[in-house]
Amino acid sequence: MQREKPSWTRRFLAVVRYEMLRNIRKKMFIGVLLSAFAFATINFALPSIVETAENPYFAVSFSAGSLMFILFAVVTSMHSFSGEYEKGTAVSLLTKPVSRTMVFLGKLTAISIVILAAYAVLYTYTTIGGMLVYGPQTNLHLVPLALIGDVVGTLIWVSIILAAGAISKNSMLTVMMSFGLFVALSLGGGLVAAFSEDIAAVNYLPGGGTSGTMDIAVGQNITIQNVTVNTYSSVATGTNSIGMNMIKYVMYPEAHVNFYHIDYLSMTSLNMTTPERELLYSEPLLLITLRSVGVAFVYIVAFLFVAWYAFKRWQITG
Amino acid sequence: MFKLSKIKKTNGLKEERLAVELAIETNGLTKKYGSLTAVDKLNLKVEQNTIHGFLGPNGAGKSTTIKMLVGLLKASEGTAKIFGQEVNIDQADARVGIGYMSELPRFPEYLKGAELLDIYGRMYGMSQEELKEQIPQLIDLVGLKGRENDRIGKYSKGMQQRIGIAQALLNNPDLVILDEPSVGLDPVGMVEVRELVKIISKEGMTVLISSHLLFEVEQICSHVTIINKGKSLFSDKLENVSKVISGPASMQIEVLNINDDLIRALKRLTYVEDVTQADNTLNITLTTRDDVSAQISKTITMSGGTIVRMNQKGNRLEDMFIQLVNNLQGGKN
């Protein structure tokens with residue numbers, strides 16, 4: 001009213017810069033990034049990652065999957081809100097002419113940019129490294145799909161961590177809660193897939209989901225315990241696999257995925273050497289991919305809303 | 001060392017703002033935490049271009065009040081206005097003209113000093129040119145030249161306090177709110193802060209300074225508000241402090257060569273009610289709360305006495321503060 005209202009964009013970009021500097025100067029972030037590079041480098045020595053020259057699986061398979069997602073989410077987000085409160089820096093930040101919504105959006109934007117940039121550098125490294133080790137590859141234009149999918153998969157954990165941090169205002173508690181949830185979902189999803197016939201339920205949880213097999217022969221056949229498995233035809237339905245499923249859909253748009261109940265308990269029988277498999281249902285790959293994107297979107301929006309609402313209500317007493 | 005000549009004349013005041021009489025106005029401002037009322041229907045009024053001291057014992061509600069003014073806490077009841085514009089945690093734009101430093105401020109350790117000011121400046125909407133001109137001046141002003149490119153994590157508490165003052169002045173604010181600015185500073189730094197506050201006030205900024213150091217407030221403030229248990233006990237010009245104190249004012253003077261003529265000369269003064277002697281000390285009961293130390297010392301000297309020490313009680317902020325707080329605690333107020 002009395003002074004000219006400053007530009008929204010200029011203030012927003014200041015918040016983005018504030019948060020980005022926090023991330024890229026954090027020792028933990030640098031440590032996780034270097035670990036990811038080390039993991040990717042080690043993967044070049046494992047010939048199993050290259051199955052066929054025409055799929056870009058090698059470029060993205062270096063990742064430790066969901067573990068990488070949560071590690072990047074934790075190091076970029078664990079201090080974003082709770083750290084500001086614990087260290088007392090929220091006092092100076094929130095008394096500037098920036099609204100809490102602007103601070104929230106600025107921090108989220110910065111985290112997303114940092115994760116996207118980190119993954120982009122990693123995927124560039126693995127793509128170039130893979131070609132140097134294994135020779136020319138095709139379909140590399142599909143690698144960005146995996147990049148986008150993995151960023152979305154990571155953002156689920158980012159939103160969970162931001163919500164936990166904004167509510168608890170305690171970084172250690174936030175990390176413990178997030179890892180606890182991660183472990184519970186990882187173990188829980190696996191157990192449901194192994195022992196329950198209602199395996200579709202895990203499709204609606206963040207994480208690995210359940211696994212099926214495409215009904216078309218692709219990739220390389222390997223034999224484990226007298227059972228021949230086509231490695232690339234395996235499809236995981238969870239939010240961790242959005243990127244890979246998008247690539248597979250572009251390459252095999254007509255593919256359907258068969259889901260089986262595998263009776264692991266039957267293996268204990270003396271006269272059985274392989275588990276019994278029973279076909280439960282079949283779904284188009286497109287549906288699986290779209291559903292995991294939708295599930296991811298719902299979780300991201302829901303947890304971000306919780307985080308924003310809790311942050312808006314913060315009372316800085318200390 | 002603060003470079004006090006470097007402060008730039010504020011250009012933030014606009015005609016509209018000058019038309020508003022009060023820099024800060026709260027009406028029935030209340031903050032409750034469950035059954036505890038930290039601030040209780042506070043009506044704080046701070047006039048423009050004044051240095052307003054905000055006094056109170058620990059836990060009186062000073063910081064809570066300030067936090068409601070700068071958007072950190074939501075008021076349970078009542079309203080707060082700054083230059084006529086309502087302020088609360090959702091009114092970010094209302095903070096454009098406010099500079100604030102909290103008690104023992106903390107800043108992100110991963111940022112460099114100059115970087116912090118640059119980012120905060122952009123949050124105020126300052127242009128590149130303004131930042132380029134203002135940041136080196138402020139760094140110089142608060143005595144951090146040569147350390148501006150160090151990470152704040154490497155700063156001492158005193159240096160963090162200095163960068164805190166710099167960021168509070170960054171946007172040439174119309175209102176500067178300083179919460180216990182001397183805490184964490186060495187004695188030299190405390191004096192420098194007081195001088196700095198006087199200068200920024202002369203440049204047109206209104207200053208609200210919360211402090212538990214009575215002499216600090218007495219030295220620099222033109223107005224004072226005293227609160228205790230969330231309630232305002234006194235709010236007026238500092239010069240009016242003596243008018244509200246009950247009981248007689250008195251002076252204690254240690255004098256060499258006390259003689260009867262000296263005591264008689266003192267008793268003849270119209271504003272002296274009584275003079276008693278205890279060893280080398282004269283206890284003089286006064287009928288006025290004005291500063292009469294000059295006339296009394298002249299009378300003593302002319303009567304052959306030599307003053308060793310002189311202390312006037314009853315018209316100082318400290319006396320009033322203790323009296324008001326004691327009265328409230330005793331249920332008399």
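**Labels and their cut-offs**

Analyst: Chain B is divided into domain 1 (4-241) and domain 2 (246-314), with bounds that come from an automatic or database domain assignment. The C-alpha centres of these two domains of chain B lie 42 Å apart. This is a predicted model, in which local features need pLDDT of at least 70, side-chain atom pairs count only at pLDDT 80 or more, and totals for chains, interfaces and linings use all residues. Residues are numbered from 1 along each chain as its sequence is written, while chains are lettered from A and ligands numbered from 1 in the order in which they are written.

User: What makes six strands of chain B a sheet, and in which order do they come?

Analyst: Two strands pair if DSSP finds at least two bridges between them. Strands themselves are DSSP runs of E, at least two residues; helices are runs of H or I, at least four; both are numbered from the N terminus. The order in chain B is β7-β8-β9-β4-β10-β11, an open sheet with mixed pairing. The twist averages 15° from one strand to the next.

User: Why are β7 and β11 of chain B said to stand at the edges?

Analyst: β7 (98-101) and β11 (231-237) of chain B each have a single partner strand, so one side of each lacks a neighbour in the sheet.

User: How do you know that β4 of chain B pairs with β9 of chain B?

Analyst: Count the bridges. Five of them join β4 (residues 51-55) to β9 (residues 206-211) in chain B. The pairing rule asks for at least two, so the pair qualifies. The two strands run parallel. In this pair, B:I51 stands opposite B:V207.

User: What packs on this sheet of chain B, touching β4, β8 and β9?

Analyst: Helix α6 (residues 187-202) of chain B does, and its direction makes about 155° with that of β9(B). Such angles run from 0 to 180 degrees between N-to-C directions, with axes fitted to C-alpha atoms, for helices over the stretch in contact. Helix α5 (residues 157-169) of chain B lies across β7 and β8 (175-179), at about 165° to β7(B).

User: Why is B:M190 called partly exposed?

Analyst: B:M190 is found in helix α6 of chain B. It has 16 C-beta neighbours inside 10 Å. A residue is buried with 20 or more other C-beta atoms within 10 Å of its own, exposed with 12 or fewer, and partly exposed in between; C-beta atoms are placed from the backbone. The count of 16 falls in between, so B:M190 is partly exposed. Beyond its neighbours within four places in sequence, B:M190 is in contact (C-beta atoms within 7 Å) with B:S182 and B:L185.

User: What makes phi of B:L104 worth a note?

Analyst: Most residues other than glycine have a negative phi. Phi of B:L104 is near 45°, a positive value. B:L104 sits in the loop between β7 and α3 of chain B. With 15 C-beta neighbours inside 10 Å, B:L104 is partly exposed. Phi of B:K229 is also positive, near 50°. B:K229 lies in the loop between β10 (223-228) and β11 of chain B.

User: How many residues of chain B are in contact with chain A?

Analyst: 32 residues of chain B are in contact with 28 residues of chain A. α3(B) gives the most to that side of chain B, with four residues.

How values were computed: Two residues are in contact if their C-beta atoms, placed from the backbone, lie within 7 Å.
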